[in-house]
Amino acid sequence: MALLADFENHRSRLWAVAYRITGSVADADDALQEAWLRWQHLPDGEAANPGAYLTAVVSRICFDQLGSARARRETYVGPWLPEPVVADAPGPEDRVTLDESVGIALLAVLERLTPAERTAFILHDVFAVPFGEIAEVVGRTPVSVRQLASRARRRVRAEAPRRSVDRDEHRRTVEAFLAAVLGADLDGLLAVLDPEVTWRSDGGGKVSAARRPVLGREKVARYILGIGRGLDPLTMRLLLREVNGAPGLVFADPMGGRVSVFAFTVHEGRITEVDAVANPDKLRHLDVRAL
């Protein structure tokens with residue numbers, strides 16, 4: 001019972017670490033399952049600090065997963081986006097500002113880092129794990145890990161999109177987008193989209209989706225309205241939900257079992273990026289009928 005209690009006490013943090021390193025709900029779940037199996041067989045007294053020990057175990061499992069994941073993503077059809085995390089409402093800690101570290105846009109930027117850079121950045125900059133402990137995870141020296149984190153930090157600062165951290169501003173902007181889509185209002189869409197907005201669709205070759213990013217306000221607006229015309233209003237629902245810690249949208253068809261998830265990057269009241277995940281393999285963890 002003590003082993004289980006220790007593990008459960010740290011489960012939320014462990015899953016948060018695993019998801020940010022892998023960008024995959026399924027891989028994060030698998031990492032926690034493997035960590036639990038190892039924890040059960042750990043000799044008594046082996047881990048003086050359960051939290052640090054379990055974080056290291058989960059991080060190492062995820063770090064090892066990144067190598068094979070990168071090979072799979074090199075042959076992926078179309079843009080690769082992380083598996084989205086969808087909730088009905090924000091948690092208490094997320095009610096005022098947005099958590100950039102779990103946003104789809106930032107996780108997509110992390111895909112461009114090496115596995116060691118990504119792991120070092122997540123563990124140190126997001127979870128404040130000391131460089132010495134990270135060194136044991138990635139098999140480098142603490143000095144090398146410091147350099148890895150520094151390189152990753154510079155790249156993230158250069159490539160991560162500018163975004164509002166004000167939850168109310170983000171929500172108002174997404175609500176305006178939703179109203180324009182439901183009303184087939186081209187002018188309304190143009191007003192809420194940034195002139196240089198980018199639309200990325202992840203269908204993985206399993207469903208119809210743009211295989212290259214759609215760029216610019218006019219093209220994105222017309223692309224969105226084209227999608228809207230293909231939806232059956234009698235079966236399809238367009239829902240405002242929390243997507244990776246920020247207001248987003250879910251297209252759900254309970255009758256057909258189809259679902260797509262949309263994450264938004266908002267800056268100064270306009271949408272600068274839309275990340276649409278439609279690959280059914282990445283949405284298996286969602287209960288369409290419960291959305």
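**Group meeting: sheet, helices and salt bridges**

Let's start with a helix on the sheet. Helix H10 (residues 217–229) lies across E2, E3, E5 and E7, and runs at about 45 degrees to E2. Angles here run from 0 to 180 degrees between N-to-C directions, with axes as lines fitted to C-alpha atoms, for helices over the stretch in contact. Helices (H or I, at least four residues) and strands (E, at least two) are DSSP runs, numbered from the N terminus.

A word on the model. It is predicted: local features need pLDDT of at least 70, side-chain atom pairs count only at pLDDT 80 or more, and totals for chains, interfaces and linings use all residues. Residues are numbered from 1 along each chain as its sequence is written, and side-chain values use heavy atoms, with hydrogens and water left out.

Now the sheet itself. Seven strands form an open sheet with mixed pairing. The order is E1-E4-E5-E6-E7-E2-E3. At the edges sit strand E1 (86–87) and strand E3 (214–215), each pairing on one side only. Two strands pair if DSSP finds at least two bridges between them. Strand E5 (residues 246–253) and strand E6 (residues 258–267) run antiparallel, joined by five bridges. Take Ala252: its bridge partner in E6 is Val259.

H8 also packs on this sheet. H8 touches strand E2 (193–202), E4, E5, E6 and strand E7 (270–277). Contact means heavy atoms within 4.5 Å. The direction of H8 makes about 30 degrees with that of E5.

Is Val250 buried or exposed? Buried, at 0% relative accessibility. The scale is this: buried is under 20% relative accessible area, exposed is over 50%, partly exposed is in between (1.4 Å probe, protein chains only). Val250 and His285 are 35 residues apart in sequence, and their C-alpha atoms are 14 Å apart in space.

Next, charges. How many salt bridges does the structure hold? There are 16 salt bridges. The criterion is a side-chain nitrogen of Lys or Arg within 4 Å of a carboxyl oxygen of Asp or Glu.

In the pair Glu242 and Arg167, the N to O distance is 3.0 Å. Glu242 is buried at 5%, and Arg167 is buried at 6%.

Arg153 pairs with Asp125, with the closest N and O atoms 2.6 Å apart. Arg153 is in helix H7 (residues 142–159) and Asp125 in helix H5 (residues 115–126), so the pair links parts that are 28 residues apart in sequence. Asp125 is partly exposed, at 32%.

Asp64 and Arg60 meet at 3.3 Å, N to O. Both lie in helix H3 (residues 50–74), four residues apart, about one turn of the helix. Asp64 is partly exposed at 45%, and Arg60 is partly exposed at 31%.

Last stop: Ser24. Where does Ser24 lie? In the loop between helix H1 (2–22) and helix H2 (25–40). Ser24 is buried, with a relative accessible area of 4%. Its side chain makes a polar contact with the side chain of Glu83 at 3.1 Å. A polar contact is a pair of N or O atoms within 3.5 Å; within protein, one must be able to donate a hydrogen and the other to accept it, and residues adjacent in sequence count only if both atoms are side-chain atoms. Not counting residues up to four places away in sequence, Ser24 touches Tyr19 and Glu83.
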